Amino acid sequence: MLKGFTTILVKELKELMRDPKILIGMIVLPLVIFPVMGLVMGYAVESAQEQAQKATLLVINNDGEDWSQSFIIYLNRTMNVAVLNDITPQEVVTQNLLTEYNSTQFVEIPPDFSQNMTQHIDGGDWNVTAMVNVYGVFQGGGIFSNIGSSSFNAFVNGFNRAVAPDVVYTSQSTIIKGEIQKGVDPATLSGLLLSQSIALPITLMLMLTYSMQIAATSVAMEKEEKTLETLLTVPVDRFAILMGKVSSTIIVAGVAAVTVLVGYNYMLGSITLGITTATPIDLVALGLVPSPLGYALLGISIFVTLLSALALAVIISAFSEDVRGAQALVGYLYPIIFVPAMVLIYLDINTLPLAVKAILYAIPYSHPIIASKAIVLGDYTKVIFGIIYVAAFTVVIMYIASRLFATEKILTAKLKFKRRGSKKTAEQQE
Amino acid sequence: MGLAVEAKALVKQFGNIRALDELSFHIKQGEIFGLIGPNGAGKTTTLRAISTLMLPTSGSVEIFGLDTVNQAGEVRKIISYLPEEAGAYPNLSGNEYLEFMAKFNTENQNELRETIKEAVKISGLGERLKDKTKTYSKGMKRRLLVARALMTRPKLAVLDEPASGLDVLHAYHVREIIKTYVKQHGVTVLLSSHNMLEVEYLCDRVALINKGKIVVEGKPDELKKKYQSQNLEEVFAKVIGYA
């Protein structure tokens, strides 16, 4: 072994393990974050399954013969079924019957269902099959939001196994913003929009963390190089120094926000592939691409969120002595960026308990992700509320930052992880 | 001649630590005044209080009659502060750095040009001013910063360890700049240093500081005579009872 290697290794390990920043960043945070993510994912699957089981399946029986009755009886064995007779799918939608029956999907048994079943089973004509039409409401939810619609397909497979192989087929349609889109499978649509559920939160996470690092480094570099000390003694308003710093990062962040929007728009516009269905799904034609107003609001939401993150990074970095310290301190803010993003990838915020919902709304970094889903469904009020909230949060943060810059705290403030009241640095005493 | 600096009973408390303890001294206009003492004596804290960077816990400082707390904005117009071991912006060239800093003290383009021209002359860095400061040696960087501090012809230049850690040639250049430039333009200088020989060479008067207090003050020759010492180092050791 190399001479002295062990001595150096032990010393390095001691230094690393005794540095509380490393201990927290590399050991404590992963130990906290991954169990939290596990809980979130477990809860997401569980709640989606529970909802699917609890939900009432509305059955429109336009056949009224024996086979349709048998089909409904079979359905009743595993599902909570409500039956309506002689009504068209369009009437179900226009009369808002899904809300009335607390359901997110309905099945239409068409008039020729029993006739086709009889021909197939009793007549031996295997070319004739029966069809049921499934209509699901698109909710723009989380990653597991299509669990409900897929459970009906599993039921049909079970019915076929019990009666005759491949006798019943399903035709999928989706109700989007009160309009029936024939041939659009809700599961396929959810799959396509999954990219939206994942891509924007991840891009935002990267953008926020990167911008915060830039802002924190900018202030910390000034402190490390002592250029800030020089700057604070020249005849310039200290608020101008703060605004200069924040504005430069805003410009960078603004460019980043536009880049995200351009990429996001391109991504949504290009999702027009058929993939698994015979009918190609065109999100633009389905009205699932945001309007210009929606894009504008999303852009504003991203922008104010970035601004608040940058101001927070500036404040945090004021408590460090050097670049390394600032980057480590900013790292402590990452959980409040990552956790909401992860939760909103897996879950639809509307289905969460009130307390969790309140926590997510209270975290400013949730709002662009909530906005990205809301604008698709045209829920602009939610987006505007988020923008106002984040803007107010930003004003408070900027005020604190300006107070910090106006005093000597910008030079002397330090976060201590070791003993409280430990001795000051030689520099302070000098 | 009036007073450039008048510090009265300055106290600065950091938690339980009293960095400055009823510290009082004055500097006459056009003087080079040296603050000398060991690490942790309170030199930098004194310079920071004078430069409006830190608020005294009690006591006051007046710069040419202006209070550093209540008239901080006015004070900043007539002073120039050079922190110990300060750097420049690594991705700016020397010229860009000087221009950036000069803009805060100049009113128009002509004044700006003249100020930068002055800084170029003081620094003596010539063509290297076109290069980014991250390519500079420590000595070159210090020359650039001293030029920045003096280019605006401040009424008071506050220089914290202006030549510390520099090699012989760069240290010589910096000392010569301070000595000659200050005398030519009537700038008052307050500097701190560990280097007693440097202080002896540069300063008209010195104050020895220990544990936040001025322990002795006077002209270097007078102090040496009074304490029958060869140099200020010896004076300091005798005053604090080390020798």
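Guide: In this predicted model, take helix H15 (residues 367–376) of chain A and helix H16 (residues 380–406) of chain A, whose axes come within 9 Å and cross at roughly 160 degrees. An angle over 145 degrees counts as roughly antiparallel, so H15(A) is roughly antiparallel to H16(A). The crossing in which H15(A) passes H16(A) is left-handed. Two packed helices are described by the angle between their axes and the distance between the axes.

Next come the residues. From H15(A), the contact has His367(A), Ile370(A), Ala371(A), Ala374(A) and Ile375(A). They meet Lys382(A), Val383(A), Gly386(A), Tyr389(A) and Val390(A) of H16(A). Sorted by class, the residues in this contact of H15(A) with H16(A) are seven nonpolar, two polar and one charged. An α-helix has 3.6 residues a turn, so residues three or four places apart point the same way.

Helix H13 (residues 334–346) of chain A has 13 residues, which at 1.5 Å a residue should span 18 Å; its end C-alpha atoms are 18 Å apart, so the two agree. Among the buried residues of H13(A) are Ile337(A), Val339(A), Leu344(A) and Tyr346(A).

Last, the contact between the chains takes 19 residues from chain A and 29 residues from chain B. On the side of chain A that touches chain B, helix H9 (227–231) and helix H18 (426–429) of chain A each give two or more residues. H18(A) gives the most, with four residues. That side of chain A divides into six nonpolar, six polar and seven charged residues.

Conventions: Residues numbered from 1 in each chain as written. Chains lettered and ligands numbered in written order. Predicted model: local features only at pLDDT ≥ 70, side-chain atom pairs only at ≥ 80, totals over all residues. Contact = placed C-beta atoms within 7 Å. Nonpolar A, V, L, I, M, F, W, Y, C, P; charged D, E, K, R; others polar. Expected span 1.5 Å × (residues − 1). Buried ≥ 20, exposed ≤ 12 C-beta atoms within 10 Å, placed from the backbone. Axes fitted to C-alpha atoms, helices over the stretch in contact; angles between N-to-C directions. Parallel < 35°, antiparallel > 145°, perpendicular 65-115°, else oblique. Left-handed = near helix turned anticlockwise from the far one by under 90°.
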